[in-house]
Amino acid sequence: MLLIGDDWAEDHHDVEIQDEAGCKLAAARLPEGVEGIAKLHELLARHGGEDLDAARVIVGIETDRGSWVQALIASGYQVYAINPRQVARFKERYATSGAKSDKGDAHALADMVRIDRAQLRQVAGDSDQAQAVKVVARAHQTLIWERTRTFQRLRSTLREYFPGALGAYAELALTSTDALELLIKAPTPAAAAKLTRTQITAVLARARRRNRDEKAAAIQAALRERQLGLPEQVTTAYAAAAAAHARVLIALNEQIAEMEGQVKAYFLAHPDAEIYLSMPGIAEITGARVIAEFGDDPARYASAKARKNYAGTSPVTRASGKSHTVQARYVRNNRLADALQTQAFSALRASPGARAYYDKQRAREVGYNPALRQVGNRLVGILHGCLKTRTLYDEATAWSHHAQPHAA
């Protein structure tokens with residue numbers, strides 16, 4: 001057996017090869033890409049022999065994605081993706097000074113897969129379809145997060161020089177394309193006050209708004225209200241910044257809509273989509289996000305408990321001496337946790353069983369968030385059972401012990 005520690009960077013990999021006794025056999029800096037993978041194979045052949053069994057090559061690396069990782073998996077090696085925080089704690093065995101080097105990190109990674117491999121998670125063998133869903137689902141969610149950040153910058157800018165715009169466009173939502181177009185057309189208070197009802201109505205018509213005349217009248221009246229102003233030169237500068245943010249938001253709206261179609265298409269093409277869509281509170285986007293983060297390797301989760309632990313919905317027990325507490329699990333996959341919380345919230349209306357279970361927790365004086373998290377935890381267990389047995393969700397079976405809602 002050969003054990004490899006792989007400390008990766010953007011354009012190279014520092015690797016160390018050990019034997020089962022922990023003896024260092026080789027260390028090298030390899031380039032990224034085909035050349036680097038070829039040199040790694042040469043090193044392994046030199047120290048493991050031409051008849052080396054690929055399954056007995058164990059690799060520790062601080063990432064679970066990318067072409068390099070896929071090449072390692074395709075070669076038949078066992079690849080373990082290790083959290084950088086785990087590596088940092090492991091290195092404290094050697095010294096507490098905090099010293100760091102790429103060679104030292106590669107050595108620590110090799111030691112970890114040799115000593116603590118049973119405590120680490122091997123990179124899942126997800127299908128190409130699941131990996132494709134993961135790419136588009138994460139890209140879509142990242143664009144939404146970026147839109148939120150850009151909106152906050154725009155809102156902060158408007159508060160500085162044109163707070164009236166926040167109220168005037170509140171009904172449209174300032175992230176909507178029509179509100180942004182109006183802001184670009186008239187980015188200063190003076191210019192906005194000169195907008196005619198016809199101009200406003202035309203923009204609303206392109207966005208297919210209902211009750212356009214009433215909305216246009218309300219927007220025009222709000223824009224013409226008197227407000228405190230800044231010197232003209234300063235106002236013009238702020239207007240340029242606001243218009244730039246607005247144009248970025250319009251572009252993000254277009255790309256989010258485009259990626260949403262991609263997410264739905266890739267998700268619906270996955271063989272597990274029907275099972276996910278049968279779950280309460282899950283539609284195409286939420287389902288894509290959940291399957292993207294869980295993956296579809298049937299051997300990845302040994303039990304429902306293992307899936308719940310990975311999801312972060314199951315609690316953590318802290319017991320020391322006379323102290324014994326049960327707390328939420330905050331170190332988790334935040335993308336998955338966000339999707340599962342969305343599912344749990346939606347399930348309260350879609351599933352009588354989920355609602356009854358939630359009401360039962362609230363009757364025990366459990367807070368809103370903990371109660372919702374318990375619903376999510378229960379739904380993760382149900383999903384695991386459905387995937388394992390390849391059956392669709394059934395309301396009566398899922399909530400057989402919680403069929404009766406709590407009496408108010």
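The structure is a predicted model, in which local features need pLDDT of at least 70 and side-chain atom pairs count only at pLDDT 80 or more, while totals for chains, interfaces and linings use all residues. Residues are numbered from 1 along each chain as its sequence is written, and side-chain values use heavy atoms, with hydrogens and water left out.

The protein chain has a mean pLDDT (the predictor's confidence in each residue, from 0 to 100) of 90. Of its residues, 96% reach 70 or more. Helices (H or I, at least four residues) and strands (E, at least two) are DSSP runs, numbered from the N terminus. Residues 404–408 have pLDDT below 50. Beyond near neighbours in sequence, this stretch has five contacts (heavy atoms within 4.5 Å) in the model.

Helix α1 (residues 34–48) crosses helix α2 (residues 67–74) at roughly 35°. Their axes come within 11 Å. Axes are lines fitted to C-alpha atoms over the stretch in contact, with angles from 0 to 180 degrees between N-to-C directions. From α1, G36, I37 and L40 meet W68, A71 and L72 of α2. Five residues of this contact are nonpolar, one is polar and none is charged.

The largest pocket holds about 1500 Å³ of space. A pocket is an open set of points on a 1 Å grid over the protein atoms alone, where a 1.4 Å probe fits, with protein on both sides within 12 Å along at least five of seven lines; lining residues have an atom within 4 Å of a point. The volume is the space filled by probe spheres set on the points. The lining comprises 39 residues. D64, N83, R300, Y310 and N333 lie nearest the centre. Helix α5 (128–161) gives the most to the lining, with four residues. The lining divides into 14 nonpolar, eleven polar and 14 charged residues.

Methods:
Nonpolar A, V, L, I, M, F, W, Y, C, P; charged D, E, K, R; others polar.
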